[in-house]
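Visitor: Please take a close look at one part of this model: the charged and aromatic side chains that join its helices. Keep it brisk.

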Amino acid sequence: MQEKNLRKSNKQRTEETRARLMKAARALFVEKGYAETSTPEIVKTAEVTRGALYHHFEDKLSLFRAVYTTEAKAVSEEIDAVTSRDMKPIDAMIIGANAYFDAMQKDGRARLLLIDGPAALSIAEIREIDKETGGESLRQGLEYLKETHNLDIDPASVADLLSSMFDRAALAIQIGEDSASYRAMMEKVMRNLLD
C-alpha cells in the first residue's frame, strides 16, 4: 500500500476531532451538567489539545450549543421516522408525542435539552434551534388543523403550551413516573383540544 493511502485527509482528521470533542462534551455534560464541566476536562476526555477545542468551537457555550443542536435534531428525526403527511393530523400528533417521549428517554437527553439547555442558552436561541431542527412541525400541524377543521386556536400559542406539557411530562417520565399515564393524558388533552 502506498503511504499516502494510509494517511487521513485534513478533512477526515478535522471531522474526527470535532466528533471526539462532541462525544466527550456530551458525556461530561450528562454526567456533571453544563455548569460543572470544564474545558480542560473536555479536552482531556477527548484526548485532543486545547488548541483543537478552540479551533472547532469558540468556547464551551458554542460546544454545548452544538451538542444541544445535535440532540434536538435526533429527537426530530425520531419523530419524523414514525409520522407522515399521509396520517390524519391528530393521529400524527399523538404518534409524534409518543415518539417524543421515547426519544427523550435516551440517556442524558432530558437533562441536556430540558434542564441545561434552558439554563445555558437564551430562549431566543432555543427557539431558533427548534425551528432549524424540525420543531416547527407541531405549529405547522396545528395551523393545518385550524384551516381544515375551522378550529378557533392560535397555532403558535397552542404549540408553545403543548411543547411545555410534553417537556414537563418527559422530565417526569425520566425520573420514573408512570409513562403510560402521562402518554394517555397527553393524548386526551390533544383530542379534547383538537377533535
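Guide: A salt bridge here is a side-chain nitrogen of Lys or Arg within 4 Å of a carboxyl oxygen of Asp or Glu. Glu-125 and Arg-65 make such a bridge, with their closest N and O atoms 2.7 Å apart. Glu-125 sits in helix α8 (residues 123–132) and Arg-65 in helix α5, so this pair ties together parts that are 60 residues apart in sequence. Helices are DSSP runs of H or I with at least four residues, strands are E runs of at least two, and both are numbered from the N terminus.

Two notes on the basis. This is a predicted model, in which local features need pLDDT of at least 70 and side-chain atom pairs count only at pLDDT 80 or more, while totals for chains, interfaces and linings use all residues. Residues are numbered from 1 along each chain as its sequence is written, and side-chain values use heavy atoms, leaving out hydrogens and water.

Now accessibility. Buried means under 20% relative accessible area, exposed means over 50%, and partly exposed is in between (1.4 Å probe, protein chains only). Glu-125 has 23% relative accessibility, so it counts as partly exposed. Arg-65 is also partly exposed, at 27%.

The structure holds 12 salt bridges. Another one joins Glu-71 to Arg-26, with 2.6 Å between the closest N and O atoms. Glu-71 belongs to helix α5 (residues 60–80) and Arg-26 to helix α2 (residues 10–32), so the bridge ties together parts 45 residues apart in sequence. Both Glu-71 and Arg-26 are buried. They also belong to a network of salt bridges that links Arg-26, Glu-71, Glu-78 and Arg-109.

Lys-32 bridges to Glu-41, at 2.3 Å from N to O. Lys-32 is partly exposed, with 29% relative accessibility. Glu-41 is partly exposed too, at 24%.

Next, helix packing. Two packed helices are described by the angle between their axes and the distance between the axes. Axes are lines fitted to C-alpha atoms, for helices over the stretch in contact, and angles run from 0 to 180 degrees between N-to-C directions. Helix α2 packs on helix α7 (residues 109–120) at about 75°, with the axes 9 Å apart. Angles under 35 degrees are roughly parallel, over 145 roughly antiparallel, 65 to 115 roughly perpendicular, and the rest oblique. The two helices α2 and α7 are therefore roughly perpendicular.

Contact means heavy atoms within 4.5 Å. From α2, Arg-26, Phe-29, Val-30, Glu-31 and Lys-32 meet Arg-109, Arg-111, Leu-112 and Asp-116 of α7.

Phe-29 leads on to the rings. Rings of Phe, Tyr and Trp (its six-membered ring) pair if their centres lie within 6.5 Å; planes under 30 degrees apart are stacked, over 60 edge-to-face, and the rest tilted. The count is seven aromatic pairs. Phe-29 and Phe-64 have ring centres 5.2 Å apart and planes at 75°, so their pair is edge-to-face. Phe-29 lies in helix α2 and Phe-64 in helix α5, 35 residues apart. Both residues, Phe-29 and Phe-64, are buried. Phe-64 also pairs with Tyr-34, in a tilted arrangement with 4.9 Å centre to centre and 55° between the planes. Tyr-34 lies in the loop between α2 and α3 (39–46), 30 residues from Phe-64. Tyr-34 is buried at 16% relative accessible area, and Phe-64 is buried at 0%. Ring pairs link Phe-29, Tyr-34, Phe-64 and Tyr-68 into a cluster.
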